[in-house]
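Please open the model in the viewer and keep the selection tool at hand.

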Amino acid sequence: MKVNYLMPEFLIDRDEQRCTHCRICVHQCANEAHLWNDKKKIVYGEDQNCVNCHRCVATCPTRALRIRNYPLEYKNNAHWTPHYIKSIFKQANSGGILLAGMGCDRPYPVYWDHLLINASQVTNPSIDPLREPMELKTFLGRKPEKLSFQNGKLAEALPPQVELDIPIMFAAMSFGAISLNAMTSLAMAAKEMGTCYNTGEGGLHSSLYQYGENTIVQVASGRFGIDPEYLNAGTAIEIKIGQGAKPGIGGHLPGEKVGMDVSQTRMIPEGSDAISPAPHHDIYSIEDLRQLIYSLKEATNYTKPVAVKIAAVHNSAAIASGIARAGADIIVLDGLRGGTGAAPLRTRDSVGIPIELALAAVDQRLRNESIRNEVSLVVAGSIRCSSDVVKAIALGADACYIGTAALIALGCHMCQKCYTGKCNWGIATQNPKLTKRLDPEEGAERAANLLRAWSREIKEMLGGMGINALESLRGNRLMLRGIDLSERDLAILGVKAAGE
Amino acid sequence: MSLREGEVRIPSGCAISGIMNRKGYLFSGHDIIQSIALMHDRSNGLGGGFAAYGIYPDYADHYAIHMFYEDSFCREETELFINDHFNVEVGGRIPTRKVSSITEAPIIWRYFVQPKAEKVMEMDLEEDEYVARLVMQINAKFPGSFVVSSGKNMGAFKGVGYPEDIGEFYKLDSYKGYLWTAHGRFPTNTPGWWGGAHPFTLLDWSIVHNGEISSYDANRRYIEMFGYKCTLQTDTEVITYLFDLLLRKQGLPLKAVVTAMAAPLWSNIERLAPEERELVKAIRTVYSPLLVNGPFSIILGSRKGFVALNDRIKLRALVAAEKDDFIYVASEESAIREICSNPDRLWSVAGGEPVIGLLEGVEEL
Ligand code: SF4
Ligand code: SF4
């Protein structure tokens, strides 16, 4: 008998007293963790298939379901933890690369949680956002070193800017990786809140052209869905060099996800794999990047800022400085914890560096070189809440992207199984039976609410610091103190220790 | 030992006052001392100072370098450097009189100098920039030596004590100028260092300031990109450099500078006429790191006049008045009425609205 070494990860605990065998969970679970026994006329669970996405728990009308970690204890071993043992079982079985969805989940330090924010007391009044105006407006794009005037007028027009009402945008997630309903939700929410969402590398669905002013269109190594109309559709263009979840690695959308809509939007044949090479094959150096930046500027007649997105890696500061000098108007840094639809697990969990450190290093380097004003700095990968945003801005970011947080607002329960295409919440899937579970109007409302709530919280914290415009927080590292950090960490973050 | 400015950031509350005669008529320091003295309770005896313009007509074309030295060794060292870079016309002690409350004064010296032409050429700089860089060099590289002021036909007089005592100490009633500003300080701890008192100066600029800005580090980190070194960690220092960058180095009109530093709210910008709106929007977009946030009222003095400014939501008091050719600004109305009991016009200055006092015939600061 062949024994499966892998035990289930989760245990489906069905309260037989409560269960009416209505079969709702059977219909709701695309992973087939709930099955119907027609002979016995009962519903039963297949623990092995459960990914713990909570869809069944949330939809069960009698609250009969609980999902638990599978109660299987390995002999204690601080080194050979169950994670490594199970990984080896899987790979010995399949010979394949381990895949994962979402971002790195390892217990590396989260620097956001080691930074504390200041508030005014006595010498400087705090400001009440309910009584006083509190401004979050943000402009992304190159700022000249100085303005010149002629007869009281501007001698030269400003370079193009993206105008945001709040410093939070929705990060790049492609149509293909997420459903059209998810994308539409984000596009509508971005419009509602005066910010932007990002197309990701999958082109722009024809139904989304109407949100152009709130769209950042991405150009990645696969060049999917790119034509002049696409480039001119958004308010800015983002060249994706790398992604925090999988620095140095390309992308692969399996053919089964390339249905008619995706195929048309990506401009590739239906059912064909969409492969994004690891590098752009026309960018093997910084000079090549410059050429692409300027080709895109030419194609859009210098009316759109061009952003370049890189994963936060060891040498980010020098790379960012090169990108600024290559003519980019915005640099996007995506940190170690940035999410993805699918990434090799080992890459996801051990390549790259935390965004907090990369941000601090890049901002400081650009200042040392006196070119900080020539680019805007947007950070992505790990932002969980409004105080993370405040800390990022104080470290020097102009704005943040949120991806994972945005999907959670739409209903994602962080099961990390996005790469299977069976997202029960209708987000990371193209299966029409699943995607229809996400109503774009409702999704938009929830995503907009999240931004609204965070904006309110940011205003509270700003007012507490005696600041009434976000720009006065930007790079204002005196507003931060580090707690439980080494001297070296403090030096890299450019903050003092709490109590100093 | 307590830390001095530059080693620690010390928040302060304060009083400020300024008087100018638009026709350039010279008057003694008596009035400004009386005005700042009335606001005695707004300072705590840990810092007071004055800036005076028009006081050195005999050396009007020389840079007047006012210095503090901790001891004569510092002075000798620094003088070697000064002699190396400037032709010194005259140098000597600044006259002072004994005041019982003023103790532990440093050695206070002044020099009237011209930059050495060949050095200026060699460094390929404008004279002003040459002087500004040397001033920053002295402050950074000569411990125990501090440049108090470095402009032409002007000087700063400051120290640890109540401002009225400092005025007495420096015999300011014996000087005559057309523009005077004054400062009384209420620092939250006791640095006891004369250099840390206001006004802070660079070339012709002098700043007296009341408030604690919350944008300090955002402003500092931006300005340091342009070669400034904020060694004192004070608001006044960073504000002086902001003005110096925008007015002197970038040649921006004063109105644009005020718009950058005390920017109108976006909701107000939206209501402007289209052309004006574009302009203000551009200024706020490009110079957003220079927005000075949090409570402040400042008086920026220069050879050509002054500008007084409040933060944009008016978290600090500032009052202005006019009488004939005189224009007054102060933290409190009483400080103006004390020396001008019956002004032609007196008003409370709105947040972000500058009070500009320019000498007759001058258009920009
Ligand atoms: S949804 Fe709930 S009640 Fe219905 S079959 Fe599943 S567990 Fe039982
Ligand atoms: S998007 Fe869907 S599949 Fe991915 S983690 Fe969230 S719930 Fe799971």
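The model shown is predicted. Now extend the selection to helix 14 itself, residues 440–464 of chain A. Its 25 residues reach 36 Å from the first C-alpha to the last, close to the 36 Å expected at 1.5 Å a residue.

**The two domains of chain A**

At their boundary, 12 residues of domain 1 are in contact with 9 residues of domain 2. The size of an interface is often given as the accessible area lost when the parts come together. Here domain 1 and domain 2 of chain A bury about 980 Å² between them, with 53% of that area on carbon and sulfur atoms. On the domain 1 side, select Ala30(A), Cys53(A) and Arg55(A), which lose the most area to domain 2 and together account for 48% of what that side buries.

**The annotated cysteines of chain A**

Next, select Cys29(A), Cys50(A), Cys53(A) and Cys56(A), where an unreviewed UniProt entry places the feature "binding site". These positions are spread over 28 residues of sequence, yet they cluster in space, with a largest C-alpha distance of 10.2 Å.

Centre the view on Cys29(A), in the loop between helix 1 (24–28) and strand 2 (34–37) of chain A. Its relative accessible area is 12%, so Cys29(A) is buried. Beyond its neighbours up to four places away in sequence, Cys29(A) touches His34(A) and Asn424(A).

Move to Cys53(A), in the loop between strand 3 (42–45) and helix 2 (55–59) of chain A. Cys53(A) is buried because its relative accessible area, 9%, falls under the 20% cut-off. Leaving aside neighbours within four places in sequence, Cys53(A) is in contact with His413(A), Cys415(A), Asn424(A) and Trp425(A).

**The nonpolar cores**

Select Phe170(A), Tyr197(A), Ile402(A), Ile427(A), Leu462(A), Leu473(A) and Leu493(A), which touch the most other members of the largest nonpolar core, a set of 110 residues. Helix 4 of chain A (residues 180–193) gives the most to this core, with 9 residues. A second, separate core of 109 residues includes Phe68(B), Tyr130(B), Leu247(B) and Val292(B). Return to Leu493(A) and display its surroundings: not counting residues up to four places away in sequence, its contacts include Tyr111(A), Leu115(A), Glu356(A) and Arg477(A).

Select Cys14(B), where an unreviewed UniProt entry places the feature "active site". Cys14(B) belongs to strand 1 (residues 12–21) of chain B. Is this cysteine buried or exposed? Cys14(B) counts as buried, at 5% relative accessibility. Leaving aside neighbours within four places in sequence, its contacts include Arg42(B), His183(B), His209(B) and Ser331(B).

Finally, select Arg220(B) in helix 6 (residues 216–223) of chain B. Arg220(B) counts as partly exposed, at 22% relative accessibility. Apart from neighbours within four places in sequence, Arg220(B) is in contact with Cys230(B) and Val238(B).

Key
Residues numbered from 1 in each chain as written. Chains lettered and ligands numbered in written order. Predicted model: local features only at pLDDT ≥ 70, side-chain atom pairs only at ≥ 80, totals over all residues. Heavy atoms only, no water. Core = buried A, V, L, I, M, F, W, Y, C linked by side-chain atoms within 4.5 Å. Buried < 20%, exposed > 50% of the residue type's maximum accessible area, 1.4 Å probe, protein only. Helix = DSSP H or I, 4+ residues; strand = E, 2+ residues; numbered from the N terminus. Contact = heavy atoms within 4.5 Å. UniProt positions renumbered as here; feature names shortened; annotations may be inferred. Expected span 1.5 Å × (residues − 1). Buried area = accessible area lost by both parts, 1.4 Å probe.
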